[in-house]
Amino acid sequence: MNLVSTISQERNDPRYLQLFLLGSFLAYGLLFLQWSARLDVFAVAFVSSVATQVAWVKWKSQPLSSVKSALISALGLCLLLRVDSVWVMALAGVATISSKFLIRYEGKHVFNPTNFGIILAILSGHAWISPGQWGHELTTMGLIGLGAVGILLRVKRWDLSVTFLLVLFGLESLRLVAYLGWDWPVVFHRFNSGTILLFAFFMITDPKTSPNSRKGRILWASMIALLSFFLGQFFYLYQAPLIALFIISFTTPLIDKVFKAERFKWIPKTQNI
Amino acid sequence: MKRRITAIFMAMLIISTDVSAFCGFYVAKASTDLFNEKSEVILVRDGDHTVITMSNDFKGDVKDFAMVVPVPVVLREDQIKVVEREIFDRLDAYSAPRLVEYHDANPCEPIVQYDMEMAKRSNAPMSMMIREESAEEDAADYGVTIEAQYTIGEYDILLLSAEESDGLETWLTRNGYQIPAKAAEVLEPYILNDTKFFVVKVNLDKQQQKGFDYLRPIQISFESDRFMLPIRLGMANANGPQDLIVYAFTRKGRVEPVNYRTVKMPTANKVPLFVNRYFGEFYQDLFHRAYHKEGRSAVFLEYAWNVSPMQGVKCDPCVSPPPVFGDFATAGVNWVTGMNYESQVFFTRLHVRYTKDRFPQDLQFQVTPNSEHFQARYIITHPAKGDLSCEAGERYVRDLENRRNLEVKELSALAGWTNPNYADYVTEFSKRFKPDKYAPQRNSFLPAAILQGTDDGMSDWAKWIFPLVVLVGVLVLRPKRKREIY
């Protein structure tokens with residue numbers, strides 16, 4: 001493989017764009033939204049994620065290009081997870097990456113790595129998420145929306161975002177507006193939230209852990225939306241989408257068996273003559 | 001006797017004519033002097049166990065006072081208490097935004113002076129309550145069930161459940177509560193969500209026996225997986241923004257709203273000496289600007305501290321004594337048993353100014369393990385006293401001028417205060433004791449003039465640059481249409 005084709009292939013890796021976008025969101029949050037910037041925690045997130053990835057990759061003698069995924073996971077942790085000590089973030093980083101190598105079914109990892117790390121960290125009692133941290137400003141939502149368009153065109157997983165958001169919006173509208181009689185602004189306020197948009201556009205769209213076929217993905221995203229709706233509306237869990245994704249991830253192998261399709265690859269194989 | 005649901009006003013420092021209400025709505029005559037000055041809540045959360053203490057500065061006839069608060073369950077008699085008003089005053093005084101005073105040492109006679117003092121705001125005075133008899137009809141069958149009925153302290157308390165909002169509205173009206181037109185539609189979601197209603201009015205006989213000339217706070221406790229404050233009901237007839245101060249106690253750490261953004265108040269800012277005389281006004285305007293700057297949709301953190309009995313430093317510096325065992329017991333912090341490490345208590349003070357349009361959802365909270373301390377604290381520094389004619393003294397005076405220049409800029413950025421006389425403060429060190437020359441020219445055009453004189457961080461346009469940069473990034477990193485190499 002010559003150098004030109006390597007560079008060209010690399011440039012086609014959507015993970016660069018994803019890194020850039022998540023990095024922008026983090027910078028935006030720190031600059032404009034007064035997130036409590038603990039640079040030590042951020043540094044630990046990166047170091048632990050990347051080190052874990054490198055260790056696993058060396059051990060399994062896989063290509064090092066997967067470090068990009070570790071960087072994305074680390075950014076995800078920085079964006080979503082808040083901790084009361086750096087050790088929790090270190091463990092979250094290790095858990096996030098290790099889940100990809102340890103919890104596999106037929107060669108595909110089961111859990112969305114960042115989601116797995118976050119759930120584990122929250123269960124430890126020393127971490128939390130701040131769903132309110134994005135506020136409800138138009139600029140913020142515009143930024144995330146813009147990023148979403150960019151990334152979804154790349155990884156072609158917009159079906160997941162659209163299904164999830166539509167189903168959840170439908171269910172919440174039915175309950176909050178049609179049944180309980182709240183005004184529409186209540187529903188809009190719930191969806192005008194960076195956390196839910198980030199989840200819909202950047203977390204469940206992970207092509208590695210979502211079902212391979214489109215039909216499977218639509219079913220999968222609907223189930224996440226449904227469970228998230230129940231957990232949020234009847235059990236008052238504000239982390240509902242994250243928990244729903246975690247639980248529904250168990251069904252991914254089954255869905256892949258029923259709806260067969262080719263597995264996603266970050267860098268499409270090129271055939272050199 | 002008709003009662004009318006009237007909102008109350010509850011700003012902590014804010015003296016204005018804004019109508020406001022609390023997590024329930026108040027039922028009273030709609031005369032303008034009925035507005036409450038404050039709405040304060042003590043929230044205690046331990047697992048699912050929740051204790052809510054509600055205080056108000058009701059300003060009208062007690063016979064007109066009534067309050068409706070949505071509660072998740074029918075409360076038993078032992079779950080309702082009347083507590084003394086002092087607990088709020090103590091918590092408020094302890095956690096209020098503070099002005100700290102420092103003294104410069106005279107560089108010509110280097111003796112270290114160390115003295116701190118706090119400027120504290122005063123609370124609005126309570127009004128007198130006039131007693132008058134009122135009759136109440138029996139419950140009629142409007143789909144309204146009286147689940148329980150108690151007389152506790154000076155209050156008559158009803159726990160209602162309803163099948164539909166019109167029935168409840170009619171029932172309330174029939175029983176002498178005149179509720180605002182919009183109330184029924186606000187009641188509806190709570191009824192459908194199987195919420196009970198905690199309806200309180202003053203028992204005039206008891207009130208007279210007790211001899212209080214004000215209404216004491218009511219405390220309710222219950223088990224619920226929901227950790228929230230129903231603010232929407234109070235907005236039924238409110239026009240302007242309403243202020244709510246939440247004093248929260250948990251075992252673990254800070255209380256944080258999950259459906260609104262939390263913003264820390266500016267803190268540790270150095271402000272001119274004369275702010276001392278206008279600290280109340282300063283904090284009002286500071287809060288007002290911060291409120292607008294954050295898009296009128298944020299919840300503000302004013303204080304966060306570990307107040308466990310075993311914790312050493314409970315404030316830095318303390319405005320007033322930190323909560324003691326008696327305060328914990330009154331507030332409902334039942335896990336504090338004494339000087340031991342099991343008695344961990346974390347205190348959070350939140351300040352919310354809410355309006356109908358920016359706060360469409362009730363406030364929902366979570367208890368986080370975040371035990372980082374925070375206090376809203378502003379600093380004034382007294383210049384050195386005595387002869388400053390030595391060389392170091394001249395340098396000191398020059399530095400002082402620079403510092404005061406920054407202080408004046410800070411004042412403009414924080415509170416929006418400008419006054420040409422401030423130039424004298426900066427330059428004329430010797431005239432610093434002139435009384436009231438620096439009286440603020442408070443800007444009444446806020447928030448229209450909010451950007452004036454602001455140089456605190458990024459302005460609004462910078463926010464829009466960000467999406468543009470991202471757009472460029474997306475374009476640069478976009479996929480190529482065709483892959484050339486195959």
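Me: At what angle do helix H3 (residues 39-59) and helix H5 (residues 86-102) of chain A pack, and how far apart are their axes?

Reply: First, a word on the model: it is predicted, so local features need pLDDT of at least 70 and side-chain atom pairs pLDDT 80 or more, while totals for chains, interfaces and linings use all residues. Residues are numbered from 1 along each chain as its sequence is written, with chains lettered from A and ligands numbered from 1 in the order in which they are written. H3(A) and H5(A) pack at about 30°, and their axes are 8 Å apart. Axes are lines fitted to C-alpha atoms, for helices over the stretch in contact, and the angle runs from 0 to 180 degrees between N-to-C directions. Helices (H or I, at least four residues) and strands (E, at least two) are DSSP runs numbered from the N terminus.

Me: What makes H3(A) and H5(A) roughly parallel?

Reply: Angles under 35 degrees count as roughly parallel, over 145 as roughly antiparallel, 65 to 115 as roughly perpendicular, and the rest as oblique. The angle here is about 30°, so H3(A) is roughly parallel to H5(A). The crossing is right-handed; that term means the near helix is turned clockwise from the far one by less than a right angle, and left-handed means anticlockwise.

Me: Which residues make that contact, and how do they divide by class?

Reply: Among them are Val44(A), Ser48(A) and Trp56(A) of H3(A), and Met89(A), Val94(A) and Phe101(A) of H5(A). Two residues are in contact if their C-beta atoms, placed from the backbone, lie within 7 Å. The contact has 10 nonpolar, 7 polar and 1 charged residues, where Ala, Val, Leu, Ile, Met, Phe, Trp, Tyr, Cys and Pro are nonpolar, Asp, Glu, Lys and Arg charged, and the others, Gly among them, polar.

Me: Why is helix H6 (residues 113-123) of chain A called roughly perpendicular to H12(A)?

Reply: H6(A) and H12(A) pack at about 115°, with their axes 10 Å apart. That angle makes H6(A) roughly perpendicular to H12(A). The crossing of H6(A) with H12(A) is left-handed. On the H6(A) side the contact involves Asn115(A), Ile118(A) and Ile119(A), facing Leu242(A), Ile243(A), Leu245(A) and Phe246(A) of H12(A). By class, that gives 6 nonpolar, 1 polar and no charged residues.

Me: And in chain B, why are helix H2 (residues 165-174) and H3(B) called oblique?

Reply: Their packing angle is about 125°, with axes 8 Å apart. H2(B) and H3(B) are therefore oblique to each other, and they cross in a right-handed way. The residues in contact include Leu168(B) of H2(B) and Leu187(B) of H3(B).

Me: Is Tyr260(B) buried or exposed, and how do you know?

Reply: A residue is buried if 20 or more other C-beta atoms lie within 10 Å of its own, exposed if 12 or fewer, and partly exposed in between, with C-beta atoms placed from the backbone. Tyr260(B) has 26, so it is buried. Tyr260(B) sits in the loop between E16 and E17 of chain B, and its contacts beyond four places in sequence include Gly132(A) and Leu363(B).

Me: What about Asp194(B) and Arg296(B): why do they get the labels they have?

Reply: Asp194(B) has 9 other C-beta atoms within 10 Å, so it is exposed. Arg296(B) has 15, so it is partly exposed. Most residues other than glycine have a negative phi. Phi of Asp194(B), however, is near 60°, and that of Arg296(B) is near 55°.

Me: Finally, how many residues of chain B touch chain A, and which element gives the most?

Reply: 41 residues of chain B are in contact with 45 residues of chain A. H9(B) gives the most to the chain B side, with 8 residues. That side divides into 20 nonpolar, 13 polar and 8 charged residues.
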